[in-house]
Amino acid sequence: MSQTDLFRTGTFRLTLGFVIAMVAGIMLQFALVYAQMANYESARSSDLLHREAALLVQEDPSLLESEIRDRSKTDLRVILNGAALFDLHHNQIAGDIPRWPAGLTAFGIPVRIRIIPADDKAYEMRYLAVKVPGDDGKPNGRILILARSMHMVDELRYITKQAALISVVPMVLFALLAGVFLSHRALARVKEIRQTMERIMAGDLHERLPAGRERDDIERLAGSVNRMLDRLGHLVDEIRDVGNDIAHDLRTPLARVRARLERALSWQSDPEQLKEIILKATQDLDQCFAIITALLRIGEIENGRRRVGFTKMDLSELIAGIVDLYEPIAETEGVSLITRGVDQTIALNGDRDLLNEVLANLIDNAIKFTPEGGEVGITAGKEAGGLIWLKVHDTGIGIAENEREAVMGRFYRSDKSRHIPGSGLGLSLVSAVLNLHGARLKITSFRTDEKLPGAVFTICFDETVGGE
């Protein structure tokens, strides 16, 4: 771990940003404190100047001049830093303010004036000028000037600046050290995650990121990635299984085609036998094409590309059409095909062709797995709350409880059904179509007969797909 990596971590940058914000906050706090204290000191100086001016104005005019001359011997020297009497032409009469301060007016309002001595540093004083009676008794015959130094404000500024510097420097150093420590820890965890991900990218799909108990953001993110890897691993296994199943299911008919073609080569002299062999080979190839077509349709439906075909439709009308199609087949197999609850309109929002395929698969399976003399039934209805349901039942060999989830997978054939022709993709197609419609499928037994328990396929459509 290089020093550059440490300073480039998000934690260090976040800490640095926090330090800058904290320093700015402290500086703002000290500035506000200083402004508040300076305003208070200015108000206090103005109040003192006004109070002293009010007392001196009440002095006898003949005694005021001596009072100003003797200021250094009285309490005025403690409160005031300057006092003087001027005539109306701004000529000094008495006091320790030798000249009329530039910019001062005798309006009785304290004024802050910057004094620049010829041989000393500049400083600020707060002046108050008020008119007082002259020594001849005429009102407003002289001007009394009182001054108070601003050194207290300067001291406050100096103290505030020193306090800010003393507190900011150690705090910044401490925050930077904390940032370096936290960044070092975060970088170590990121390094471990990066190494694990490199092993996963190298092909070890069983590796997982260190997620701990998912107590912070990094651990929760690692947990999410682990769950995503689990899901991807499951999908990869499914793809591998499907590939194996496809190879297995295509191998048998293709092997038969090859054997028949080899046999045809040896029977070249008999046209009838050649015709029969070609016909059977064509049927085997049709089976291969049917499997491939079914897989492509399942993939297309699972990708949701068929939702553009959704329209308002009548489920009862769809059931009537499929019953008309399969009734002759059921009669041929000696099975009764009955319907209930489909004599009224059941409005549904869906893809007519896909749902027709669902019904065809379910009824075709029911007829195939029901022995002669059995029964296949279709019922449908709509609850008061809007829930639409459809049931297809039969009195055939049924589906064992531990196989009811597996039969929805691709190419699954139970031991009881292996002797009956089929690709094992019909119920997978049904599942894909129902998922596309947001419907739920439940498989149960139709009756308690152990030999022929039958099966009931119950489909519940989401209430939002119902229409008026």
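## Exercises on a predicted model

Helix α9 contributes the most to the lining of the largest cavity, supplying three residues. The structure is a predicted model, in which local features need pLDDT of at least 70 and side-chain atom pairs count only at pLDDT 80 or more, while totals for chains, interfaces and linings use all residues. Residues are numbered from 1 along each chain as its sequence is written, and side-chain values use heavy atoms, with hydrogens and water left out.

### Exercise 1. The cavity

Task: state which residues line the largest cavity and to which classes they belong.

Solution. Begin with the terms: on a 1 Å grid over the protein atoms alone, a cavity is a set of points where a 1.4 Å probe fits but cannot get out, a pocket is an open set with protein on both sides within 12 Å along at least five of seven lines, and lining residues have an atom within 4 Å of a point. Grid points are joined across faces, edges and corners, and a volume is the space filled by probe spheres set on the points. The count comes to one cavity of 30 Å³ or more, and the volume of the largest cavity is about 30 Å³. Its lining is made of Leu315, Leu318, Leu355, Val358, Leu359, Leu390, Ile459 and Phe461. At least two residues each come from α8 (315–333), α9 and β12, where helices (H or I, at least four residues) and strands (E, at least two) are DSSP runs, numbered from the N terminus. For the classes, Ala, Val, Leu, Ile, Met, Phe, Trp, Tyr, Cys and Pro count as nonpolar, Asp, Glu, Lys and Arg as charged, and the others, Gly among them, as polar. The lining therefore divides into eight nonpolar, no polar and no charged residues.

### Exercise 2. The second largest pocket

Task: describe the volume of the second largest pocket and the make-up of its lining.

Solution. The volume is about 360 Å³. Among the 18 residues that line this pocket, Pro98, Arg99, Ile115, Tyr123 and Tyr127 are the closest to its centre. Strands β3 (111–115) and β4 (123–132) each provide at least two residues of the lining. By class, the lining has 13 nonpolar, two polar and three charged residues.

### Exercise 3. Helix α10

Task: decide whether helix α10 is mostly covered or uncovered, and find what lies against it.

Solution. Buried means under 20% relative accessible area, exposed over 50%, and partly exposed in between (1.4 Å probe, protein chains only). In α10 (residues 426–436), nine of the eleven residues are buried, and the helix is mostly covered. The buried residues include Gly426, Leu427, Val430 and Leu434. Their cover, judged by contact (heavy atoms within 4.5 Å), includes α7 (271–302), α9 (352–368), β11 (440–444) and β12 (455–461). Just after the helix, Gly438 takes a positive phi of about 70 degrees.

### Exercise 4. Salt bridges

Solution. A salt bridge is a side-chain nitrogen of Lys or Arg within 4 Å of a carboxyl oxygen of Asp or Glu, and the count comes to 17. Arg148 counts as buried because its relative accessibility is 12%, and Glu41 counts as buried because its value is 6%. Glu41, Arg44 and Arg148 are also linked in a network of salt bridges.

Glu214 is in the loop between α5 (151–201) and α6 (217–266), and Arg227 is in helix α6, 13 residues apart. At 27% relative accessibility Glu214 is partly exposed, as is Arg227 at 47%.

An α-helix has 3.6 residues a turn, so residues three or four places apart point the same way. Arg220 is partly exposed at 39% relative accessibility, whereas Asp217 is exposed at 58%.
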